[in-house]
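Open the model in your viewer and keep the selection tool ready. The stops below go from the whole chain down to single residues.

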Amino acid sequence: MQKLIRLTTGFLLLVAIFVMGCGGKAVPLTKAEEESDAKKVGRIFEMRTYHCNDGKLDELQARFRNHTNKLFAKHGMEVVGYWVSIDEKDTFFYILAFPDKEASNKSWKAFMGDPDWQKAYADSIVNGNLIKSVKSQFMTPADYSPIE
């Protein structure tokens, strides 16, 4: 029973971190802002920064390598790349690309509800939570950026 409570609590914490931007106030774009942004660029990018609990970076990377990466593709989430910090211990970054904010929201909702993700997540935290904090931010390329 305690294991189920820990798994449920861990999953709910992950959802809360995602929704709240890890303690920051999530300010959704207005419909007009989303439409304006969509007219300016062909896609948007989400950069996520994960600060892992001590010694859990390898386990997090294993989860991405063995499960998350495939599930991102399944749910239309284009991976731009994954990075490990050489300056900050146990810090992992990745960037996803989406056609627009609506597509991002739809993909994340499907991803979080996917039973394969829920199982992979639960299995990966049996020996403790991997992630201490998550920061998510959406970006559009500057007009002089080589990426579109």
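**Ground rules.** This is a predicted model: local features need pLDDT of at least 70, side-chain atom pairs count only at pLDDT 80 or more, and totals for chains, interfaces and linings use all residues. Residues are numbered from 1 along each chain as its sequence is written, and side-chain values use heavy atoms, with hydrogens and water left out.

**Whole protein.** Colour by secondary structure. The protein has 5 helices and 4 strands. Helices (H or I, at least four residues) and strands (E, at least two) are DSSP runs, numbered from the N terminus. Along the sequence the pattern reads α-α-β-α-β-β-α-α-β. Of the 148 residues, 33% are buried (under 20% relative accessible area, with exposed over 50% and partly exposed in between; 1.4 Å probe, protein chains only).

**The sheet.** Select the strands. They form an open sheet of 4 strands in the order β2-β3-β1-β4, with antiparallel pairing (two strands pair if DSSP finds at least two bridges between them). β2 (78-84) and β4 (131-139) are the edges; each has a single partner strand, so one side of each lacks a neighbour in the sheet. From one strand to the next, the twist averages 15 degrees.

Zoom in on β1 (residues 44-52). It is joined to β4 by 8 bridges. Pick H51: its bridge partner in β4 is S133.

Contact means heavy atoms within 4.5 Å. Axes are lines fitted to C-alpha atoms, for helices over the stretch in contact, and angles run from 0 to 180 degrees between N-to-C directions.

**The helix pair.** Select α3 (residues 57-74) with α5. How far apart are their axes? They lie 10 Å apart, at an angle of about 175 degrees. The two helices are therefore roughly antiparallel (over 145 degrees). Show side chains: E59, R63, H67, T68, L71 and K74 in α3 meet D116, W117, A120, Y121 and S124 in α5.

Stay on α5 (residues 115-124). Its buried residues are W117, A120, Y121, A122 and S124. At its start, a side-chain oxygen of D114 comes within 2.7 Å of the backbone nitrogen of D116.

**Last stop.** Select H75, in the loop between α3 and β2. Buried or exposed? H75 counts as buried, at 16% relative accessibility. Not counting residues up to four places away in sequence, H75 touches S107, A110, F111 and D114.

Terms used:
A polar contact is a pair of N or O atoms within 3.5 Å; within protein, one must be able to donate a hydrogen and the other to accept it, and residues adjacent in sequence count only if both atoms are side-chain atoms. Angles under 35 degrees count as roughly parallel, over 145 as roughly antiparallel, 65 to 115 as roughly perpendicular and the rest as oblique.
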